[in-house]
Amino acid sequence: MKKKLIAAVASIFCFGCSASAPEQAWKTITAEQTQELMETETDYIILDVRTEDEYNTGHVPKAICLPYDAINQETTSDFRTDQLILVYCRSGNRSKKACALLTDLGFTNVVDFGGISDWKGNIVK
């Protein structure tokens, strides 16, 4: 009886719950798709969210170094909220965190292309 009561209460609290994860507020594409996008778009920002030392070892051409833990209202004040922002890091973990921060700040056109380890294009050193 006690197990049935617990199950009933649990089902009441979970009524309307969904097992699927909430939709993320940014897009995720491959590095290859990003290169194609960069050939067709002109008004975009490329954010390298690694540390400055990592950035200096090699980065995507025209990328701006803005470490993910420095992303805030002040450091992004020169960006338009609707501007295409392409984000990457070393392997993809920090870029996801950066995209979450950017969308929390109100940016609406944020794209995560993972890590520079997947980048097949030119690297600036």
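Author: Let us start with D112, which, once its neighbours within four places in sequence are set aside, is in contact with W26, K27, T28, I29, V87, G92, S95, K96 and C99. Please keep in mind throughout that this is a predicted model.

Reader: Does D112 count as buried or exposed?

Author: D112 counts as buried, because its relative accessibility is 1% and the cut-off for buried is under 20%.

Reader: Let's zoom out a bit: in what order do the strands sit in the sheet?

Author: Five strands form an open sheet in the order 1-5-4-2-3, with parallel pairing. Strand 1 (27–28) and strand 3 (64–65) are the edge strands, each of them pairing on one side only.

Reader: How many bridges hold the pairs together, say strand 1 and strand 5?

Author: Strand 1 and strand 5 pair in the parallel sense over two bridges, and K27 stands opposite V111 of strand 5. Strand 4 is joined to strand 5 by four bridges, while five bridges join strand 2 to strand 4, which also run parallel. In that last pair, I45 stands opposite I85 of strand 4.

Reader: Strand 4 keeps coming up, so how many of its residues are buried?

Author: Six of the six residues of strand 4 are buried. The cover is on both faces, with L84, L86 and Y88 buried on one side and I85, V87 and C89 buried on the other.

Reader: What sort of unit do strand 4, helix 4 and strand 5 make?

Author: Strand 4, helix 4 and strand 5 make a β-α-β unit, and that unit is right-handed.

Reader: Then tell me about helix 4 itself; which of its residues are buried?

Author: The buried residues in helix 4 are R94, S95, A98, C99, L102 and T103. Seen down the axis of helix 4, these buried residues fall within an arc of 170 degrees, so they line one face of the helix. What they pack against is strand 2 (44–48), helix 3 (52–56), strand 4 (84–89) and strand 5 (110–115).

Reader: And what span should helix 4 have, given its number of residues?

Author: Helix 4 covers residues 93–104, and its twelve residues should span 16 Å at 1.5 Å a residue; the C-alpha atoms at its ends are 17 Å apart, which agrees. Just after helix 4 comes G106, which takes a positive phi of about 105 degrees.

Reader: Last topic, the whole protein: how many helices and strands does it have, and in what pattern?

Author: The secondary structure comes to four helices and five strands, and along the sequence these follow the pattern α-β-α-β-α-β-β-α-β.

Reader: What share of the residues is buried, and how about the surface?

Author: Of the 125 residues in the protein, 34% are buried. The accessible surface comes to about 8200 Å², and 54% of that belongs to carbon and sulfur atoms. As for contacts between residues at least 6 apart in sequence, 68% of them join residues at least 24 apart.

Technical notes:
Residues are numbered from 1 along each chain as its sequence is written. This is a predicted model: local features need pLDDT of at least 70, side-chain atom pairs count only at pLDDT 80 or more; totals for chains, interfaces and linings use all residues. Side-chain values use heavy atoms; hydrogens and water are left out. The expected span of a helix is 1.5 Å times one less than its number of residues. Buried means under 20% relative accessible area, exposed over 50%, partly exposed in between (1.4 Å probe, protein chains only). The arc is that of the directions from the helix axis to the C-beta atoms. Contact means heavy atoms within 4.5 Å. Two strands pair if DSSP finds at least two bridges between them. A crossover is right-handed if, with the strands pointing away from the viewer, the path from the first strand over the helix to the second runs clockwise. Accessible areas come from the Shrake-Rupley method with a 1.4 Å probe; for residues, only the protein chains shown count as cover.
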